[in-house]
Amino acid sequence: MTVPVLELENVTKIYPVPQGMFKPKAMLTAVGGVSLTVARGEVHALVGESGSGKSTLAKMLLGLTKPTSGEIRIDGVPIAKTDRREVARRIQPVFQDPYSSLNPRKSVADLIALPLVAHRIGTSESRQKTVAEMLDAVGLPRRMIDAYPGQMSGGQRQRVAIARALVMRPDVLICDEPTSALDVSVQAQILNLLMDLKREFKLTYFFISHNLAVVEHLADRVAVMYLGRIVEERGREALFTQASHPYSRALLDCVLTPDPTLGMPDTVISGSFPNPIAPPPGCAFHPRCPCANERCRIEVPRPVPVADGVASCFSAA
Amino acid sequence: MSTTSASSATATAAGFDAVPVRRSPLARFTKRAARHPGFMAGAFILAVILVMSIGAPLFTAHDPYAQDISKRLIPPIWHPKGTWEHWLGTDKLGRDYFARLLYGGRISLMIGAATVLMSGAIGTALGVAAGFFGGRVDMVIGYIINVRLALPVVLVALAVAALVGTSLNTVIVVLGLLLWDRFAVVARSTTQQIAHADFVAAARAIGCSTRLIVFSEVLPNIVNPLIVVATLEMAHAILLEAALSFLGLGVQPPLPSWGLMISEGKQYMFFSPWVITIPGVALVALVLGINLLGDGLRDVTAPDNRS
Amino acid sequence: MPLLDVDHLTIEIPTEAGQLNAVNGVSFTLERGETLAIVGESGSGKSLTSLALMDLLPSRAVRKARSMRFDGIDLMAAGQRKMEDLRGDRMAMIFQEPMTSLNPAYTVGDQLAEALRRHRPVSRAVARERAVHLLERVGITAAASRLGQYPHQLSGGLRQRVMIAMGLMCEPDLIIADEPTTALDVTIQAQILMLLRDIQREFGMGLILVTHDLGVVARVATKVAVMYAGRLVETGPVEAVFGAPSHPYTQGLLRAIPVPGRTRPGEPLGTIPGQVPNLIGPLAGCAFRNRCDHATDACAADLPERDLGPGHRMACVLDPVATAA
Amino acid sequence: NKANDTLVYASDSEPENISPYHNNLREGVIIAHLVWDTLIYRNPKTGEYEPELATSWKWIDPVTLELKLRQGVTFQDGSPFTADDVVFTFNYVLTPEAKVVTKQNVEWMAGTDKIDDYTVRVRLKGPFPAALEYLSGPTPIYPAAYFKKVGLDGFSKAPIGTGPYRITAVENGKGVMMEKYKGYFKGSPLGDPAIGKIQFRVIPDGETRMAELMTGGVDWIWRVPKDQAEQLKTVPNLTVLSAETMRVGFLQFDSAGRTAADTPMKNEKVRQAIAYAIDRQAMVKNLVGEGARVMHSACFIDQTGCTDDGVPRYDYNPEKAKKLLAEAGYPNGFETDLYAYREREYAEAVIGYLRAVGIRANLRFLKYAAMREAARAGKVPLQYQTWGSFSVNDASAFTGVWFKENEDDMSRDPKVRALLEKADTTTDTAARKDLYKEALSTIAQKAYLLPLFSYPSNYAFTSDLAFTAQPDELPRFYAARWK
Amino acid sequence: MLAFLLRRLAVALSVVLTVSVIAFLLLHLSGDLATDLAGPEASPEQVAQVRAEYGLDQPLAVQYGHWLAGAIRFDFGQSFYFRESVASLVGDRIPITLKLGAIALGLALVFAIPLGALAAVKRGSWFDRAALAFCALGQAVPTFWLGLTLIIVFSVNLRWLPVSGNATWSHYVLPSVALGWYAIPAVMRLTRNGMLDVMASDYIRTARAKGLRPKTVIFKHALRNAVVPVVALAAVQFGFMLGGSIVVEAVFSMQGLGQLAWEAIGRKDFPVVQAIVMLLATIYILLTLLADILNAWLDPRIRVA
Ligand SMILES: Nc1ncnc2c1ncn2[C@@H]1O[C@H](COP(=O)(O)OP(=O)(O)OP(=O)(O)O)[C@@H](O)[C@H]1O
Ligand SMILES: Nc1ncnc2c1ncn2[C@@H]1O[C@H](COP(=O)(O)OP(=O)(O)OP(=O)(O)O)[C@@H](O)[C@H]1O
Ligand SMILES: [Mg+2]
Ligand SMILES: [Mg+2]
């Protein structure tokens, strides 16, 4: 059995947050005890509502923040023991907003060559060549090499961001909602590009999204996150056909396909996302859960194996 | 390469053609600047003063220090008693007022520039450090800024000047050490914004060193507001120098500083008002020019609100 | 007489680079009880169109139209005061950003009551009563206690509900909702959409729903208007447009979204190549022609408006049959 | 102003302490003469000494002076004036704790004894021909009992004298309020004051003073520069008066080399070069104006004992100055600081002249006290000073301050000091004159001090006021009245 | 709220302490205090005696402690020049400067806020442009020069107002104008920009969508939010004005703190300078503290958290 590219073991991130100006700092558990494995070459998707901790998890994978506890391993080697620059060669990010993820003061050439500069790879000519190749790979015309982000459309910017992420030939791409700031027509272009590049560069994707239709389209495995915890982690087929956790089911219900005959979904979960500083006791989802019982209010459900994955719900399995 | 990505490549190329290629940032800047009346007015005033004072010997044959006390307080040319020899008249010691005005402009400009270089370096360093590192560093620097703001500038500058002795250099150093606060505040808040931008996170994820991030990602993005602050602080420094000189603890005679000229001319202001009007108007023009330029720069370099 | 009849609405904005033709000859009608969805990419002019109806355009923008009638009232001719009287009373608007659309300095109750008391001579108590009633109606629990709260104390979903309640204070005939759910989470989005649908039915109002989410359109609207680069490219009853999308752009849009069951996972999605044209300066002919697979020389000429069925029209030279996917 | 019978006069400086022995400002001298009486009165018109608090005096021997005191005089708190007050005052000011600012004024006394309630004897350290002059000027009499009670601090806040005006308020930074002392003794040589109230306002700014005068905010100003005086003459309702004074403006050099061992000022040639570099005649003509005279000796020329006969002169000669500088080893001149505290333009004109021969002087313009401090601390290479001799009409009042190796002496030449000490105590007028002449010649020869010119004083005041100026730079408001 | 207050107070206090260290050093760098105190002609023994008497032979930290202990009780020692207590010297002058500052600030606010708001509402109009031009020009005029010009015009030529001093209210008019002048552009700009931001905000659009009259929109919904930052600025400006009064008081010969400070500097009377630096800094810090609290109170987002 091969070692998984990414392994997360009980990863937790707690932020101390100042409570306005009036109260002492509160502890915010952005990510609580997440364990995941991502196999080489697969697309592992992470879905969840805003504030559920998806980006925080991504940041920890990228080494931008340290987990409060738990361990992240790349190819079996803990990240904490690896040089940050070494990690950077293996894992690269693609961010949500192509407007803020590119330095507006830099030309496309400088942007894409930045990793090479940071790692002191090549001469300026060889870098120039690499940049041109990357432009080809992401489908941008070479003459855009001197353009600035301000002169490009959102889709083009996202292509530059992807080119920059790929220039070091990493193994893993962390895509934090790479298309949610884009229009549907552009989104399709980027999604197609990502699928192509995956094949061409033999990439593994950790793909964060809240759009379940997109996730279903390209993910191999899907993890559903709620309030910092993974509530369900399944293969795609299994999740989309027989989701076990009520929250996963609710999310699936909210997928609005453009089919006028269907009308609005009938079962909509009530209430809104809880305050992460004062999470509900027991199962964090119980206040909104249609099938919650006494036990859910008190006890935190542990993950139980279900078909092709695990789910953290007492009524699962 | 696969066919799909090739097709999307050509597709994008076509789309790009559909969008008129936009002008380069510099061209855009010049175009916007040219349309900004305030900016242009400021640039014009400043250019005139700059040329006149730096090229002072070209515009006047008089030595600004040469006194002839038999030719004191000659009025300027528009006065019935004016002479072409001294077309802005002479001061109380018979020195040519126009020559003194031009050479005095050098002092103002030099003080403004030197002060801003110094305070800009201090303030930017502090502000960037505070904004970039946040946390405790930010707290300490924020505290330093507070202390600085609590000190009354004029008073402290006067006291220090009196302590170490007044001279041109003292004025520059004292003002340089005192006027960094706005740089720090602006650098701090803009850096804070930038430090949270995704491209800084991206640079980190790429493996850039902190130094590289600060110098290549953060600094280029905060220079615009800092340049604006620099112009406004330059105006501030020039006014403060004038005030200090006016109070007798700035530039010392016989150096011709505009503030000093007003201070010296004060004695004659009731019966020979031009002795304070001329340097006063010069001072107002210079500061106005710089302010207009700074305000214009702020507008011109402001990002498009919708792009 | 339709509730709203817009004929050839045009909006021009002078900018540094030249005149921006943001909206270009948009026409549609809306009956009471109908939900019209305006869809389109970012920047296609959806928000400006809806703001133009309320006369809330940015001051620089110039609004022109052959005619624009609301319940028989000529909106183009109505003066400033007349419009103020209409706004909030007979036509209400809900905005996209629930976080910033309420004044942080006043309580929710204050802002709700103000909407009613501006148009009706009622006492504070009556206004308050109605506010409580409507807050309950939009699904806010403990409504009375919410009146004293400030906007920052409410979550995004709650604020959007407050905005809806505020729009309902005077029982308007028309509600315009500009992307009311875009900023919200999927689960909340569904709640709000259902609420809007229910309220529209209950009060029998006309509803204009601006969105870029085709899924939302399909589920909520009765009529749909597809906008592209400031023009309406296709309008019609939802079933017609989604069942037989005729304009190449509409077709492209529908092909570009992954639909579970219809698109195969991992397969390339349909794309629309290129990008939206620059709207600055005059633009003759079809705005979509540079991205269109079927473009011919004829597309550079003036656009024909074609009837494709009852209320179903598109602006394209092509034969609907030829373009059918 | 006339309407409310209050004469408001303004001047630039404020005495650090109102007590006359504890400041050496002219403003202090004016107040001293309004509030306190001296034992003897010198008639400014005749120059004769007349009785004031003392009714008669005689020399018992060359070092003992006996004075009979006036009876029936009261201090402004009602207490009677007696010999105790004189004895206390004179003995107190001789103590080191008294910290008298201008020692020259009192140091000639050895002590004072009470003979009876109205007779005192002043013992001198040695023969001192100018004794009567000093007793008629900078030696006012304090109320012994009151002073002992409140101490110097209390006294400076609520001072009391026997003079024609009583101080009602001393406000730091604002000035002093005075009103006529009803119980002022009849038969005073000062006469009966006419004006009810006098207010002294400190207005540091010359222009502000002028503006205040023009707008009626004050009634009387002085030290109006030449140009302004000429222009004020054209303003209706204002009277401008010019008179020469005993004040002499001069340059003082760090001849003793206290600022730095290698200061150019130590070099006699440099000092002479400076003397040659300055066109004093032109300054008098163009800057100082009417009533001023070029001075060549280190004293005011009309003072007893002062002479410029045979004293070396330095006429304007920039060429010679340059030559001397080159000889002294400064062919390219040097840089230095010129300290000054008043008439900035005079100092600047000096700087201009120095610049013309290659000496680059920077102006250090300070308040008087700060400059005095710096000079006494030996930090001043070159200063523009002025001295009005406390209106004492004797050369010793000038030379004694600047050359007797005391704190204000920057040359510190023991030879000059010896000469002056001898001169000060010689009673034989002719011999005294010769001694002074020798001292003054040495001073000029070595260019220890470069006298520039005497000061005229330009007074400007409302035409409602009848005011006469005396050449001793001492406005006598008790003699002024409304028209 | 109490915790907020306490924290804010702690910060303010520490800033005051730091300023006090600076002020203390200012005095001690000015030369040998004992020599200054003993007077110029004191003998070495006298100087030594004074040194012992005033504790100047102790380590600097101990001296600082003593000085601070005094300063807390408003005892700043003796003036070198007047040889009387600094506290009473300074105490006499405070009311004048405070009065001057308050009037100047009042004038500036009364003038600048309505004009700034109006300029924003009429954005782009000739009025707006004139207001902006006035701001640029206003900021370019040196206070002292303005003061002199005011004297020439209003006192000497027109004879409307007195030239100098601080005897009556009319004496405060010209100095306040000169002092307030410099604050006007800042306040006006901030009001205008704040108003522009607010007018462009979503909630103003909401208010308009409710059909509210423009008057209600501007006065009820916009101005209230736009003036919040002006409060903080006003406090800061007041602090600057007290500091800047030194120039104005010099021009108008007003016997306030500024004049005292200026003269004290000229006379090297550093205990006085030190006390004034301390005092102005403390007032400034108190003001900003007050502004923060006021802001917190005005802004429900902070008040009701
Ligand atoms: N630097 C930080 N300091 C304090 N709290 C933080 C920080 N970053 C994130 N959080 C909090 O942690 C929680 C998880 O945030 P995160 O950004 O990971 O959510 P997300 O799932 O990515 O949401 P979104 O879909 O909006 O991007 C949120 O409640 C957020 O407020
Ligand atoms: N105030 C304005 N000034 C200049 N241009 C504007 C302004 N408001 C809108 N526009 C331009 O008008 C066009 C249409 O804008 P509009 O806001 O109606 O788009 P939209 O369809 O609502 O897009 P989105 O989905 O992003 O909300 C865009 O190109 C936009 O840049
Ligand atoms: Mg996120
Ligand atoms: Mg919109």
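## Polar contacts of ligand 2

A polar contact is a pair of N or O atoms within 3.5 Å, and in this predicted model an oxygen atom of ligand 2 is 3.3 Å from a polar backbone atom of Ser44(C). Side chains of chain C also approach the ligand: a polar side-chain atom of Ser42(C) lies 2.6 Å from an oxygen atom of ligand 2, while an N or O atom in the side chain of Lys46(C) is 2.9 Å from an oxygen atom of the ligand. Ligand 2 taken alone exposes 630 Å², and the protein buries 79% of that.

## The shell around ligand 2

The ligand is surrounded by 15 residues, the closest being Ser42(C), Gly43(C), Lys46(C), Ser47(C) and Leu48(C). Because residues from chains B and C surround ligand 2, the site is shared between chains.

Within chain C, strand E2 (18-30) and helix H1 (46-54) each supply at least two residues of this shell, and the largest share, three residues, comes from H1(C). By class, the shell has five nonpolar, five polar and five charged residues.

## The interface of chain E and chain C

In chain E, 20 residues are in contact with 31 residues of chain C, and the area buried between chain E and chain C is about 2,400 Å², with carbon and sulfur atoms giving 50% of it. On the chain E side, Arg205(E), Lys210(E) and Arg213(E) lose the most area to chain C, together 27% of what that side buries.

Five salt bridges are found across this interface, including one in which the side chains of Glu114(C) and Lys220(E) meet at 2.9 Å, N to O. By class, the side of chain E that touches chain C has six nonpolar, five polar and nine charged residues.

Notes. Residues are numbered from 1 along each chain as its sequence is written. Chains are lettered from A and ligands numbered from 1 in the order in which they are written. This is a predicted model: local features need pLDDT of at least 70, side-chain atom pairs count only at pLDDT 80 or more; totals for chains, interfaces and linings use all residues. Side-chain values use heavy atoms; hydrogens and water are left out. A residue is near a molecule or strand if one of its heavy atoms lies within 4 Å of it. A polar contact is a pair of N or O atoms within 3.5 Å; within protein, one must be able to donate a hydrogen and the other to accept it, and residues adjacent in sequence count only if both atoms are side-chain atoms. Accessible areas come from the Shrake-Rupley method with a 1.4 Å probe; for residues, only the protein chains shown count as cover. Helices (H or I, at least four residues) and strands (E, at least two) are DSSP runs, numbered from the N terminus. Ala, Val, Leu, Ile, Met, Phe, Trp, Tyr, Cys and Pro count as nonpolar, Asp, Glu, Lys and Arg as charged, and the others, Gly among them, as polar. Contact means heavy atoms within 4.5 Å. Buried area is the accessible area (1.4 Å probe) that two parts lose on being put together, summed over both. A salt bridge is a side-chain nitrogen of Lys or Arg within 4 Å of a carboxyl oxygen of Asp or Glu.
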